[in-house]
Amino acid sequence: MNSQPTVLHSHTYEVSLDDAGLTGLLPALTPSGVWIRQGQGLLGLGVAAEFTASGPRRFAELAHSWAAVDWQPLESPHGPVSAAFAEAAHYPGAGPVAFTSVAFSETSSYASRLIVPQLILAVSAERSLLTVVGDSAAADVTALLTEHGLVLDGGTVRLLDTAAAPRNLPAGQLQAGSQSERQYLNAVTAGLSAIAAGTVQKLVLARDVVVTSSQPLPRGVLLSRLAADYAECWTYCVGEVSGGNESVLGATPEMLVSLRGERVSSRVLAGTVDRSWSEQEAADRLLRNAKQHREHDLAVQSLVEQLSPLTESLQSPTDPHVLRLPNVYHLATDVSGVLASGSEGTLPSPLQVAERAHPTAAVCGTPTREAGQLLEMLEGLDRGPFAGPVGWMDAAGNADFGIALRGGVLEGPSSTTHDDGDAAAAENGNGGRRIRLYAGCGIVADSVPEDELAETRSKLRPMLSTLGLVAS
Ligand SMILES: C=C(O[C@H]1C=CC=C(C(=O)O)[C@@H]1O)C(=O)O
């Protein structure tokens, strides 16, 4: 399954960051993992260990690999003597984490993955921590920081060379994806026929577009822009694994499951209008529209039904609220609850919870099985990580798994795969030249194909405007 060592050593330091914070460091870096919201979160560099899985047992296999890691302290780490050892680094996300991306479908060729970075910066309102992870008991932390473009300067993490950060993204060309817009309209029409025939009540149909560039697209720059422009969303990235060249990145507004000890919470979104409407018009079009409510209610209902067997209690407000993002407004419901302990008093693992919750009717449909089969037929697309769980988990069972929306798969050489002779990419220490972007829409009985196509454009806008291809 995986030949990676399962004994890992880690050490966590209390550090500080200058005012630009995580988002300010990003343009110069090639992260192996990112999870940032409102300037706080996690940034991983390098790979200390990776685990991959595919097929119907991908969640279970990844959970098994993660549970089998034997965590040991890093003995006599030497290097950043000016940073203090953070003894009490026992809050969620402090210490070692695995950045996680799971394929939407069991039939996907995408390698579901856990990446444990060599260096993890964790920034919360209270403090900043630097965790070092290695597969042996000793580590030269200064050398590791240098390798990844950082330095510890009197306890403050800084860029080694501020001038080296690429500022601009190269020009990209927008190309058709697996289906043309016309084919997407036909797929929506076919979905509506399946709804009329009673096969499904709701179906979420996605399409893709491809952006190519003659120059590498530095993912640190893309991520820093997304984190700045979509601060309300969770900006995510999970890097490539050995033998592959795909990383997933984006800024999602939807939380599949967030776990803090026994507490679980989710943000369910479904029902969308474009930001070109005023707040009042958007509220009318969302809150007073039966079609939008049906689409939304099915998504909430699926999450609640799927999570209930794992919970002791689960609360969901009776009415959704309107979430305002820079590109769209959504109907949103925040669900929260308490996980139930199993017979041996243990809580389900984060990946068990994610597996139960995935896929909700926000990204698949109702009923789940029939909708899943239909969308595979109609989309003509391997969704890969799109609409699958994405985020991080720690060794104590805390996790944030968003739904990988409003993003894409960056393909191409990275700083960790320089052996392909791509000198330009190696020099820039960054990513690929091709990114596949995805967007989907919930289809219910009254959906209008042209409106759904327009909605996919609104949902592609965060990535396309970050890439300079449409106005924001
Ligand atoms: C499937 C996507 O969005 C989901 C989340 C929010 C609103 C949605 C909608 O209104 O259709 C979708 O269910 C996507 O962004 O690709």
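## An enclosed strand and the nonpolar core

Strand β23 (residues 389-394) is largely enclosed by the rest of the structure, because six of its six residues are buried. The model is a predicted one.

In a regular strand, side chains alternate between the two faces of the sheet. In β23, Pro 389, Gly 391 and Met 393 point one way, while Val 390, Trp 392 and Asp 394 point the other way; all of them are buried.

| Partner strand | Sense | Bridges | Residue pair |
|---|---|---|---|
| β7 (residues 97-101) | antiparallel | five | Val 97 with Asp 394 |

In soluble globular proteins, nonpolar side chains tend to be buried together. Here the largest nonpolar core comprises 140 residues, and those with the most contacts inside it are Ala 98, Leu 203, Val 204, Leu 205, Tyr 236, Ala 354 and Ala 362. At least three residues of this core come from each of domain 1 (7-164) and domain 2 (172-229 + 254-466).

What surrounds Ala 362, leaving aside its neighbours within four places in sequence? Ala 362 is then in contact with Val 204, Glu 254, Val 268, Leu 269, Ala 270, Ala 299 and Ile 403. Of these contacts, Val 204 is also among the core residues with the most contacts.

Terms used:
Residues numbered from 1 in each chain as written. Predicted model: local features only at pLDDT ≥ 70, side-chain atom pairs only at ≥ 80, totals over all residues. Core = buried A, V, L, I, M, F, W, Y, C linked by C-beta atoms within 7 Å. Buried ≥ 20, exposed ≤ 12 C-beta atoms within 10 Å, placed from the backbone. Domains from an automatic or database assignment. Contact = placed C-beta atoms within 7 Å. Helix = DSSP H or I, 4+ residues; strand = E, 2+ residues; numbered from the N terminus. Pairing = 2+ DSSP bridges.
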